[in-house]
Amino acid sequence: MTHPHHEHGSGLDAIGHAETVLALGTAATVVAYLAAAGALRRRGDAWPWRWDTCFTAGGAALVVALLPLPGGEFTGHMIQHLLAGMVAPLLLVPARPFTLVLRTLRPGRPRRALLTLAHSPASWLLFPPLAALLDLGGLWVLYRTPLLAATHDRPLLHAAVHARMVAAGVLFTAAICQLDPVRHRWSPLTRGLTLLLAGAAHAVLAKTLYGTPPPGTAFRPDDLHTGAQLMYYAGDLVELALATVIAVHWYTATGRAHHRAVQSRVPPVPHP
Amino acid sequence: MTGSPITPSAGPPVRAGRSLTAAALIGVALMAAVDEIVFHQILGWHHFYDRSTPKVGLLTDGLLHTAELLGLVTGFAWWADLRRRRALSSAHAWAGLVLGLGAFQLYDGLVDHKLLRLHQVRYRVPDLLPYDLAWNAAGLLLLGIGAVLAVRAAKAARTQR
């Protein structure tokens with residue numbers, strides 16, 4: 001033990017280590033993304049700079065979520081989870097990371113392995129209702145079982161819960177947005193209804209947290225109220241953004257179909 | 001069918017019902033946003049969570065609140081699509097917008113406040129009745145204006161034909 005400033009108990013050093021590893025991993029991923037995008041541009045591919053900006057901002061959101069944040073304990077925890085589980089995925093997914101990997105990898109074993117994985121039953125994870133269940137189900141387990149209280153003095157469990165939040169958020173956002181190439185295309189209706197149920201589950205959980213804290217925790221009431229309202233309204237904003245992604249996709253796709261119909265002077269098919 | 005040079009008879013049909021529905025979705029969401037911003041946030045009259053709210057109220061509120069947000073985006077996308085196809089009837093869209101505003105106001109006043117008891121118009125006032133009456137009268141008034149606009153839009157569409 002060579003730590004002279006060992007003042008917050010034995011847990012803090014380990015939390016610090018886990019967070020440092022996660023932050024470095026995030027930074028390395030952003031650097032790899034920027035390098036790959038640069039390589040694509042040098043060989044003449046079009047790769048919009050806004051996607052680089054998006055991915056970098058997403059990485060920054062993930063790193064900020066690892067820092068100690070202002071406000072009460074529960075409010076700070078909520079800001080972290082909103083940044084890591086909702087804002088960061090919303091910035092990472094539109095940067096098309098999977099498309100970038102597929103374009104960067106030369107034909108060979110890693111690329112084949114990735115495509116095999118994408119065509120395996122694992123692609124069902126991108127079935128929107130399943131992705132929503134994994135994301136929102138995990139959230140209900142975290143706040144409605146003693147899990148949150150258990151993470152308090154177990155740094156590794158805390159890091160695992162945090163990583164799951166990011167992974168489930170990315171999975172859900174990718175399943176709703178469908179910007180990267182996917183095996184199964186789900187209709188805007190399927191994705192919209194999934195978003196409706198997921199949003200409702202999020203809003204209901206936020207309202208019940210206002211009245212009832214997670215089991216085994218003792219947050220101050222005002223802290224709990226601020227955190228719950230933050231969860232409710234931030235959830236609204238993220239939901240609006242996701243719905244806009246689906247709507248813009250639908251609008252451009254039907255616009256192309258409409259344009260083709262007008263160009264070829266084919267009378268539009270009457271609705272049944 | 002006097003095929004004028006500006007609107008050829010083979011032009012796209014105007015979708016009156018869809019114009020009304022798309023704008024009504026926007027109207028419902030706009031009134032929900034006004035409720036959230038003015039009465040919850042600025043005036044602080046409504047409570048975020050009322051301890052007397054039953055479970056079914058919370059669930060319904062979560063679903064409808066989310067549906068309003070999605071309705072806003074759906075309504076705008078639908079409206080933009082009709083406009084681009086020159087199938088939008090402005091008169092029907094205005095009627096739909098006002099009908100949507102009124103429908104949400106009345107629904108909020110009767111179902112959310114009274115039936116589901118999510119929260120009340122205002123707390124710590126001697127008598128809640130005037131607030132409830134004013135709230136629901138505003139909803140009825142908007143519905144009435146919307147109905148008048150819808151009838152006028154339908155009449156105008158008939159004389160054009």
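Me: Before we start, what makes a residue part of a surface patch here?
Reply: Patch residues have over 30% relative accessible area and no salt bridge, and nonpolar side chains are joined within 5 Å. Keep in mind that this is a predicted model.

Me: Okay, which residues make the nonpolar patch?
Reply: A:Trp124, A:Leu125, A:Leu130, A:Leu133 and A:Leu134 make a nonpolar surface patch of about 450 Å².

Me: Where does A:Leu130 sit?
Reply: You'll find A:Leu130 in helix 6 of chain A, which covers residues 128-144.

Me: New topic: helix 2 of chain A. How far apart are its end C-alpha atoms?
Reply: They are 23 Å apart. At 1.5 Å a residue, the 16 residues of helix 2 (residues 49-64) should span 22 Å, so the two values agree.

Me: Which residues of that helix are buried?
Reply: In helix 2 of chain A, the buried residues are A:Trp51, A:Asp52, A:Phe55, A:Gly58, A:Gly59, A:Ala61 and A:Leu62.

Me: Now the two chains. How much area is buried between chain A and chain B?
Reply: About 2,500 Å², with carbon and sulfur atoms giving 68% of it. On chain A's side, A:Lys207, A:Tyr233 and A:Tyr251 supply 23% of the area that chain A buries against chain B, more than any other three residues.

Me: How many residues take part in the contact?
Reply: Chain A brings 29 residues and chain B brings 26 residues.

Me: How many salt bridges cross that interface?
Reply: The rule finds one. The side chains of A:Lys207 and B:Asp61 form a salt bridge, at 3.0 Å from N to O.

Key. Residues numbered from 1 in each chain as written. Chains lettered and ligands numbered in written order. Predicted model: local features only at pLDDT ≥ 70, side-chain atom pairs only at ≥ 80, totals over all residues. Heavy atoms only, no water. Patch = residues over 30% accessible without salt bridge, like charges linked within 9 Å, V, L, I, M, F, W, Y side chains within 5 Å. Areas by Shrake-Rupley, 256 points an atom, 1.4 Å probe, with all protein chains shown as cover. Salt bridge = Lys/Arg side-chain N within 4 Å of Asp/Glu carboxyl O. Helix = DSSP H or I, 4+ residues; strand = E, 2+ residues; numbered from the N terminus. Expected span 1.5 Å × (residues − 1). Buried < 20%, exposed > 50% of the residue type's maximum accessible area, 1.4 Å probe, protein only. Contact = heavy atoms within 4.5 Å. Buried area = accessible area lost by both parts, 1.4 Å probe.
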